[in-house]
Amino acid sequence: MEENNDLNFNNRVDLEKLKDAVIQIKAELGKIIVGQEHFMDLLIVALLADGHVLIEGVPGVAKTITAKLLSKTIDTGFSRIQFTPDLMPSDVLGTSVLNMKTSEFEFRNGPIFSNLVLIDEINRAPAKTQAALFEVMEERQISIDGHTYKMKPPFMVLATQNPIEQEGTYALPEAQLDRFLFKIDVGYPNLDEEVLILKTHQDRKGVLPQTLVSALLSEADLLAYKNQIFDILVDEKLMTYIAQIITKTRNHPHLYLGGSPRASIAVLNSSKAYAAINGRDFVIPEDIKKVISPVLRHRIILTPEREMEGMTADKVIEMIVQSVEVPR
């Protein structure tokens, strides 16, 4: 009988509340967002794993609205920054202003000083403005005029970009791409989903989507769930499995640039969060396989020859994953 109890996976960590919260968040988003199940899972995983997300897709596939609705489900600060070619770093971070009464300079916070920050069309701003995000994304702080200002947790950047528009865009440098936990590609819906999108739009009768979504989590709840992720077990064999996959990206003939140790840590942290949202306090190989492409697709660069042949980062990642033996 004792063996049967073990097979029922009696968790050391009580993940019931976390799992219920995830189900509620997805149900709340599902009022507006049709399909996109994996997209929603990855956003919640990134939130729990304390990572930033780059969302890529053509206009009109609900990139921005999904990010905005996710922020509505959490009772925390939200700001949106529209990146444009004339945007300056001070427009994002803030600036020092002379106070005429005291004759001293005071720092005025920019829109980055929030909890969930949506950056729309991140590749529209020039390198100088993009570089302003380096420190805040990695260290959760900004340094201006000799002062360091810490971000109040939770802090997460959700950035969108359009893959087909070339005019007036600036490619994100590799160093900045590496600071995103995930790059999520959002595709077109299928026929059934498209019909459902039209039906839900018709049924809303002009009501704004944001008004249909209510806050489910407090900041304290989110912090408690994040802390539970640290306790998720990862077998040493699985750590070796992750390391083998990342190492193969560094010497693969199709790749010019492979994943860094930051990529390995990203796979580890996100697979733990993926296990947790599925109610498990231990990671299995399937969790790693679910997060490996979003973690790696923006961190690897194909050789020019393979790119010209139409090879994609996702295809190479799939080849590498299939070539590494799954631990038993």
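Trainee: In this predicted model, how many nonpolar, polar and charged residues make up the lining of the largest pocket?

Mentor: Gly is counted among the polar residues in this scheme, whereas Asp, Glu, Lys and Arg are taken as charged. Sorted by class in this way, the lining of the largest pocket comes to 11 nonpolar, 8 polar and 9 charged residues.

Trainee: Which residues that line the second largest pocket are the closest to its centre?

Mentor: The second largest pocket has a volume of about 560 Å³, and its lining divides into 14 nonpolar, 8 polar and 8 charged residues. Of the 30 residues that line this pocket, the closest to its centre are Val34, Gln36, Val61, Ala62 and Ile197.

Trainee: Which element gives the most to the lining of the second largest pocket?

Mentor: The elements that give two or more residues to the lining of the second largest pocket are α3 (37–48), β10, α9 (191–204) and α13 (285–296). With 6 residues, the element that gives the most to this lining is α9.

Trainee: Which are the edge strands of the open sheet of 5 strands?

Mentor: This open sheet has the order β3-β6-β9-β1-β10, with parallel pairing, and its neighbouring strands are turned by 15 degrees against each other on average, direction ignored. An edge strand pairs on one side only, and the strands for which this holds are β3 (78–82) and β10.

Trainee: What is the bridge partner of Ile119 in β9?

Mentor: Strand β6, residues 116–120, pairs with strand β9, residues 156–161, in the parallel sense over 4 bridges. In β9, the bridge partner of Ile119 is Ala159.

Terms used:
Residues are numbered from 1 along each chain as its sequence is written. This is a predicted model: local features need pLDDT of at least 70, side-chain atom pairs count only at pLDDT 80 or more; totals for chains, interfaces and linings use all residues. Side-chain values use heavy atoms; hydrogens and water are left out. On a 1 Å grid over the protein atoms alone, a cavity is a set of points where a 1.4 Å probe fits but cannot get out, and a pocket is an open set with protein on both sides within 12 Å along at least five of seven lines; lining residues have an atom within 4 Å of a point. Grid points are joined across faces, edges and corners, and a volume is the space filled by probe spheres set on the points. Two strands pair if DSSP finds at least two bridges between them. Axes are lines fitted to C-alpha atoms, for helices over the stretch in contact, and angles run from 0 to 180 degrees between N-to-C directions.
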